[in-house]
Every structure is written in C-alpha cells, then in structure tokens.
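The stops below go from the contact between chains to single residues.

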Amino acid sequence: MDHFPLCITVLIVAGFYRFMFRGKSWVAPSTEIFEKRWLRIGSVVFHYGIIFAFMGHVMGVLIPMEVYHALGVSDSLYHFMAIAGGGLAGLMVVIGLVVMLTRKFLFPRVHAHTTGGGYFTLLWLILVAGLGTYMTLIYNTTVGEYEYRESIGPWFRSLFTLSPRSDLMLEVPILFKVHILLSFALFAAIPFTRLVHMFSLPVRYPMRAPQQYRSRDGFDKKY
Amino acid sequence: MRIKAQVAMVMHLDKCIGCHTCSVSCKNVWTNRPGTEYVWFNNVETRPGVGYPKEWENTDRYKGGWVLRNGKLHLRAGGPVSKLANIFYNPNMADLNDFYEPWTYDFQQLHKREKGESIPVARPKSMITGKYMDKPQWGPNWDDDLAGGTESVSNDPNFRKLQEHIKLEYEKTFMMYLPRICEHCLNPSCVASCPSGALYKRDEDGIVLVDQDACRGWRFCMGGCPYHKVYYNWNTHKAEKCNFCYPRTEAGLPTLCSESCVGRIRYIGVVLYDADQVKAAASVEDPKDLYESQLSVFLDPFDPEVIKKAQEQGINHSWIQSAQESPVYKMAIKWKIALPLHPEYRTLPMVWYVPPLSPIMHHIANEQDLSVDGYIPAVDQMRIPMEYLASILTADDTHQIRRVLLKMTAMRIHMRAKTVGGVDELKKSQLLKEANTTAEELEEMVRLLAVAKYNERFVIPTGRREMLDDLYFMQGSCSIEDLAPPEGRK
C-alpha cells in the first residue's frame, strides 16, 4: 500500500508542472462543435452522476460512522440510502461514459479528433466506475452488505495523517481493493489527461463583475 | 465621468462590391491554422440570406446578447448560475453544421495520376476527418449573390418581421452585401458570458480579446455573442476571435480587412466615450431608442472640459487629436449617417454601417424635369425595402433609415447640381430640410465618402509604449506579447 502517497505526489507535482509550464493545454477539450445530440446525453448524465458519486464517497468514506450514529441514522437506513443513491449515481456515470465512448466511434468527426489519451481516460473511468457500481448494486445485494465504514473509511482517513493503518485493509474483499488500486492509478493519471479541467470549474464566475477591462502588459496610464 | 478611448470602424455599404478580399486577407493571416479552417473573423454576407453561421440573427435559437427584464440587463442565455448548471453541455452553441465542414481538394491527383481515358479530378477532402467528401453541402458564402435561392432567402431571420409581399417576387428581388467583423462592443455579452474571465476589453483602445492562457474552453462566448463572432478552435480547444489586427493598429496601421478593401469602404478612427454611462445606455426600455442612447455615451473631443478630463485620466494628446480627426466620429456621431448593427442586442456595437442606396423601384420618368423635392418620394421607393434595412440597422425604426437615405440622396443631388446647375434650388428645397443638412455639410461628407485618402480614412494613433523602461531591449521584437523572440527580452 506504499504507492498511494506516490500517486498523490504525481498528481500534485505533475499537475503543478502542467499548470505552470504547459498552461495552454489546461482546458476542457470539448468536441461539442462536431456533434451535439449524443454529447447532450452522455456528458450531462456522466458529469452529474460523477458529482453525486463524489458526494457519496465523501459520505461513505470521509464522514466517520460515529457521525451517523450520533445523528441517529441506523445502519440499515444508511445502507439502503447508499445502495439506492450510490447505485443511481454509479449507473449514471457508467451510462454516460458508454454513450460518450460509443459517440467517439459513431461520428467520424469526433473519431478523427480522439487521442489515445482520450480513449484511456474513458476506458479507465469505465473500469473504475463499473466496478464501483457493481459493488454497490450487485455485491451488496447478493453476497452481502459490506460495512466499509469500519475498515476502508478509517484507513482512507489515516492516509491524510500520513500514518496509514494498512492492517485495516487486510480483511477487505478483493473487489474493493481493486477498485481502490485503479482509482489511485487514475488520480496519478489526471495531470496527463483531459481530466485536469475538473480543477478549473469556474465557481468564482457568479461573484465577478460582468464586464472585464484589462490593460496591456506594462501599460501605465500615469504617462 | 470615466473617459475611455475606443478604436471603431465604419463600413460604407454603398461602396461594397462583395468581392471578399477582406475575408481572404484576414483568413490568410489569422485563421489558416489547424482548428480554425472553418473560422472567418471577417466574412461578407449577401443579404437577404441566412448568413454565417446559418441564421446567426435568430436569437431565439442561439440566445445571444442581452435582454431587459424589469429594467435590468440580463444575458439572454441566462446568468452565471444557470451557465454553471449547463456547463457540461451548451445547448445554445452552434455546431459545425451551422458553420460548414471545411474542405480542401486532393490536388496531388491532378499531378500524379496515370494517363487515362478521363480527365483527372481533384476530389473534395474534409479538413476535419481527412476523408473524401462526396458532396459538400454548405460552405462559406454558399448563398453568395442570392444563389441560395428561395431556400436560403426565406430563412433570413430579418424576414420574420417583414410583410410577406416584399419577400421574393422576382421583379422586386433585391440584394446587398454585409461585411462583418467582431463589433468590439461597449457592452460585450461575450465578455459577460465567459465563466473563466478570459475575455476582456482592452482598457486603452477598447479591443475585445481572448486571453489564451485563461480560456478553458467552456464555449459560452460563442452563443453569448449575438453576432456569432467568437469561434472555437478545435485544435487548441480555446476561443478565438477578431482582434482588430491589434499588432497593426498599435503601429498606427489599419486592419488587414480595411487595408485590402478594394472599394475603400472601411474607415477606422477613435471615439471617446463615458464608460459610466454604458450600462444605462444599454438599458433603455424601447429598443428603438437604443440608437440614440448609444450616441449619448460618446463625448465631444473638441469640448475643453472633455479634453481636460481625458488627459487627467491618462489619455494622451495623440489619442485626443485622433479622436478629433476621427472619420468614425464624423460619420457616426456628427453627421449620423452610420448606424450600428442590430442595436436591439443591447451590446452597443462599435462597427457602424452607412446603409446602401439602391436602385429606385419604379423608373422615374422625365428625370431631367424632376424638381429636387421629387426625389423625396423616390427615397421611399428604394429597391431594398426600408423595413429590411431597419430590421438590420435600427431595431425596426424606419425613420432613421429614411433620414440617412435622404441625406445620402441629397448629397448626390447636390454634387450633380454643382456640375449641371441648380444648387440654389437645392438650398431652398424641402429635401435639404427633411434631410436636416446643409450644403456645406454635404460637401464635407463627399470629401470623406468619395475622395478621402488613406490618411483621412484611417486615423489611428499608435499604441503607447513610452512607459516601458526596456524599450531598447524590445526593439526588433514582435508586438504580440509572449510570442516575442527571446532576444527581445531582458
């Protein structure tokens, strides 16, 4: 489990390098100009799905179990919500990704402008999200509900204090371990793919003045 | 009073012959790179027609520009919050089918083919997919000179407001050219639409630019501009637009489209305006009042008070002097013969158009016996319907179009009278009164509209560099910042 700090280090260092020295490549590389109808379904469903999925992970892994108990949320209620909400979010992510991947083959204009990195990103996301959705919807309902809040949750939080409690992961089912491994590999890949645009969500836009004036570099009105 | 200087343009449509030289010279310098093949910062449209991209004036579809709701200005496509909610898919953006799929030809086939029975053909090849295209369906100026026929003409959004009868009866067919560049608006909706704050208006000359480092490719500017003059480069995934050839204007040279214009229809000059009044001017209730309210933001460059304030606010002598000699100030503000394109979008556009005089619908019999005032009804029977010009230039206010056309007609008659006699009759005529002008003004107009030389048509102050302390090191470098050669840097 020693490679997780490495993944995060790659994410931060390579991300910083790209932002500072390859800044012009830091974009949301849209192909909407080539095709709109499939993108509308694929992109919207995927992006909203992954926002829900992110919030679900915060609720399941970052927020300790004790908080739920203190709030009076029973374990059965929590798992029902997690399976229903998480399953829906997971399905949205997977469906959105499949639509976007299909679109890349269906439309020659889009196909001509898809790079290897683009396919890698989509396929890797499908792998991670597909596994996650399978665990939430199928594993939980057939094999049995796995209480990750007692093992994966505390382990994940221990990563932030730089004192990982790897012992907690020994008993975790293999599917969950694979999901985590693939996810961390994906985090490390972020600076090298189009995924960097997630850090540029323009949340400050509603706060700024509608009209922007700027002077040329070095222009000084005092003269 | 916050005085700003704006570099603006006037196009005299009477002189436009629709040759596309402006488009080609612009294209060859700015948009002949991968990712911008479909992009024309300057294009010339035949009107009536759908334009480029198709039906760009259809604000119901592309939702560009501003609307007034409860006395306040809002972006038609929705404000920042709704834009953030729609950031994963932009419903109002035009796609490549609305522009066109750019293509080249397989010229090698003409060189390399073995000798055979048939003549070798250069097949069209898409510049997007690299594959052969069996049949290009649409291109730039596909409907040039009305060649789109009824199909294209009847989809002209300006016709929706017009009565059916003036549409397309063969005997009444009319045509005009409309060259278009970015309007470099005083109240640009593309700037307000940009979530990243990458688009901005240059403080010193009002040119609207895209910061290529800050652009993240969210594409709201494309639909946000009601003139559809911001484009998406699919290679760099960033927005690009007409930059008013700022490396040239900073050196005091006219833009490429103006420099190469065969008909010499273009004029460039500086106008001074009060930035504090822009919002109020764009917020008047009746769209027909927008033209007058737009004129009200401009300042008289001869007013000593204005000159004093402008100097205090850092506008130097050469810019004030240029504003005084500005052909744009004369045509748009002093003589009021140049009109803004679609003022109803509330962006306060800064490229102005002198409407074209066109042939008179019914032949005037015995023109030699016609009194001067006989031309007044003739103006109302121009071949291009006044309603059509009004829907493009004055938010449907035909009075303003009529006023300008009368003035232009009076100018022609005055010049004719000077040669063949009858100046006295003109001076007392109703025509001069209705056109609200004098013989002296008409002669000034003739000078600028017909005779003016290069230095009168283009009065452009150079960009100010005197404040840079490393000018010695900058000499010989390119004026495009960041692209300058390394030896131009300290």
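**Stop 1: the interface**

Select both chains: across the interface of chain A and chain B, 30 residue pairs are in polar contact, both residues at pLDDT 80 or more. A polar contact is a pair of N or O atoms within 3.5 Å; within protein, one must be able to donate a hydrogen and the other to accept it, and residues adjacent in sequence count only if both atoms are side-chain atoms. Helix 2 (37–62), helix 5 (108–112) and strand 1 (213–214) of chain A each supply at least two residues of the side of chain A that touches chain B. Helix 2 of chain A gives the most to that side, with 7 residues. Helices (H or I, at least four residues) and strands (E, at least two) are DSSP runs, numbered from the N terminus.

This is a predicted model, in which local features need pLDDT of at least 70 and side-chain atom pairs count only at pLDDT 80 or more, while totals for chains, interfaces and linings use all residues. Residues are numbered from 1 along each chain as its sequence is written, chains are lettered from A and ligands numbered from 1 in the order in which they are written, and side-chain values use heavy atoms, with hydrogens and water left out.

Now select the residues in contact (heavy atoms within 4.5 Å). Chain A contributes 44 residues and chain B contributes 65 residues. Ile33(A), Arg214(A) and Arg216(A) supply 17% of the area that chain A buries against chain B, more than any other three residues. Between them, chain A and chain B bury about 5,100 Å², with 57% of it on carbon and sulfur atoms. Buried area is the accessible area (1.4 Å probe) that two parts lose on being put together, summed over both.

How many salt bridges are there between chain A and chain B? The count is 5, a salt bridge being a side-chain nitrogen of Lys or Arg within 4 Å of a carboxyl oxygen of Asp or Glu. To display a salt bridge, select Lys24(A) and Asp213(B), whose side chains meet at 3.0 Å, N to O.

**Stop 2: Lys4(B)**

Select Lys4(B), in strand 1 (residues 3–12) of chain B. Is Lys4(B) buried or exposed? Lys4(B) counts as buried because its relative accessibility is 6%; buried means under 20% relative accessible area, exposed over 50%, and partly exposed in between (1.4 Å probe, protein chains only). The side chain of Lys4(B) makes a polar contact with the side chain of Asp203(B) at 2.5 Å. Leaving out residues up to four places away in sequence, Lys4(B) touches residues of both chains, among them Tyr213(A), Val271(B) and Tyr273(B).

**Stop 3**

Chain A has 8 helices and 1 strand, in the order α-α-α-α-α-α-α-α-β along the sequence. Its C-alpha trace spans about 70 × 50 × 35 Å along the principal axes. Of the 223 residues in chain A, 45% are buried.

Select helix 1 (residues 3–21) of chain A, where Tyr17(A) is found. Tyr17(A) is partly exposed, since its relative accessible area is 42%. Together with Phe16(A), Phe19(A), Met20(A) and Phe21(A), Tyr17(A) makes a nonpolar surface patch of about 570 Å². Leu6(A) also lies in helix 1 and is exposed, with a relative accessible area of 55%.

Move to Gly60(A) in helix 2 of chain A. Gly60(A) counts as buried at 2% relative accessibility. Apart from residues up to four places away in sequence, Gly60(A) touches Tyr68(A), Tyr78(A), Tyr148(A) and Arg149(A).

**Stop 4: backbone details in chain B**

Show chain B again and select the loop between strand 2 (43–47) and helix 2 (59–62), which holds Pro48(B). The peptide bond from Arg47(B) to Pro48(B) is cis, with omega near 0°. Pro53(B) is in the loop between strand 2 and helix 2 as well, and the peptide bond from Tyr52(B) to Pro53(B) is cis, with omega near -5°.

Finally, select His184(B), in the loop between strand 7 (176–180) and helix 6 (189–193) of chain B. His184(B) is not a glycine, yet its phi is positive, at about 45°. With a relative accessible area of 1%, His184(B) is buried.

Notes
Patch = residues over 30% accessible without salt bridge, like charges linked within 9 Å, V, L, I, M, F, W, Y side chains within 5 Å. Areas by Shrake-Rupley, 256 points an atom, 1.4 Å probe, with all protein chains shown as cover.
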